[in-house]
Amino acid sequence: MRSLLSASVLSLAALAVGSLSLAPAQAQTVQISGAGATFPAPLLQRWFDTYNRTVDSNVQVSYQSVGSGAGLEQVINGTVDFGVSEAPFSGARLESFRSKFGYEPLQLPMGGGAIEFAYNIPGIESQELILKRETYCGIVTGEITNWNDIRIKAQNPTLVDRLPDLPITWVHRSDGSGTTFVFTNHLKTVCPNWTAGAGTSVEWPVGIGGQGNEGVAAAILQEEGAIGYVNQSYAKLENMDTARIENKSGNVVAFSPEAATSALDAPIPDDFALLVPDPEGPQDYPIVGLFWVMFYREYPDATKLEKLREVFKWTQGPDGQALTRELDYIPMPDSAIERIFAELDAITVNPNAVR
């Protein structure tokens, strides 16, 4: 009897061990971190959340929407796995990156977008206000200070009786921002009296500052008479009133994905650094830009690199591009995606990679 019981226990133990050995190994969760631009943040967050829920639940990508300048600094400091910016590495930051890592940063465009003038004027609905170049150049330089200015009335004959005697409050970014780079690169090109140049941070002649696209949107919504610049996705998500503006051909156009896609339809250079400060098409929306994801050319962890590649290749596939269109961003063309995939495949594993 004792021997039978012992045999049974041994058999059960053997079965248990066998069951354990047959159970599939649980995949390890891979944590990937990024930081940077607020401009594409709504899209990035949708991409990463959808990827985790529908493609690979063991890959978790966290993204800090802290602005392009702060994101690039975190890339240089080696505290994130990727950065995001609407302004390519340049100047002192580029030199810092080269000095620390010994190679050029890998900057790959993952999509495009547009910047809209959003306003808070009592009695003026969205898309009713027209801003020709003379007008918005005058607002950002402080030459036009009231909504009943005769130049605004002359360009908006249907609003003459509704434009209020109300001071204009210009709202700009207070942080280092790729959105500001795209916007001021446009101002530098089209506004004769704009002297602050183009960059992620500039000395604004007038106005108040907001942190991120979120902060600018909040300030506009809270202040009657306010106007500022935000990414089209924030204008849509916050249901903000936005203006129609004059393009290089002299036509007044509203933002649409089609008008922004047409504006960005230009040859992409070898370094992917396409800038279009004043597109020429007659129906082009005039303030547009790409956003780049900044990668290292070497990663110490092979598994993390493999998952990083898979995530960003998915963003450029059918499901990722469907989300891009849903949020009114601009997908990259097929010809550029082939080059982007080749660059991702060229990233190498180096256990001693600098961080």
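## Largest pocket

In this predicted model, the largest pocket has a volume of about 220 Å³. Its lining comprises 17 residues, and those nearest the pocket centre are L264, D265, A266, P331 and P333. Two elements, strand 4 and helix 13 (334-345), each give two or more residues to this lining. Helix 13 gives the most, with 3 residues.

In terms of residue class, the lining of the largest pocket consists of 11 nonpolar, 4 polar and 2 charged residues.

## Enclosed cavity

The structure contains 1 cavity of 30 Å³ or more. The volume of the largest cavity is about 80 Å³. A set of 14 residues lines the largest cavity, with V182, N185, V276, V288 and G289 nearest its centre.

Helix 7 and strand 12 (288-295) each contribute at least two residues to the lining of the largest cavity. Strand 12 is the greatest contributor, with 4 residues. The class composition of this lining is 10 nonpolar, 3 polar and 1 charged residues.

## Burial of helix 8

Helix 8 spans residues 212-222, and its buried residues are G212, N213, V216, A217, A219 and I220. In an α-helix there are 3.6 residues a turn, so residues three or four places apart point the same way.

Technical notes
Residues numbered from 1 in each chain as written. Predicted model: local features only at pLDDT ≥ 70, side-chain atom pairs only at ≥ 80, totals over all residues. Heavy atoms only, no water. Buried < 20%, exposed > 50% of the residue type's maximum accessible area, 1.4 Å probe, protein only. 1 Å grid on protein atoms, 1.4 Å probe; cavity = no way out; pocket = protein on both sides within 12 Å on 5 of 7 lines; lining within 4 Å. Points joined across faces, edges and corners; volume = space filled by probe spheres on them. Nonpolar A, V, L, I, M, F, W, Y, C, P; charged D, E, K, R; others polar.
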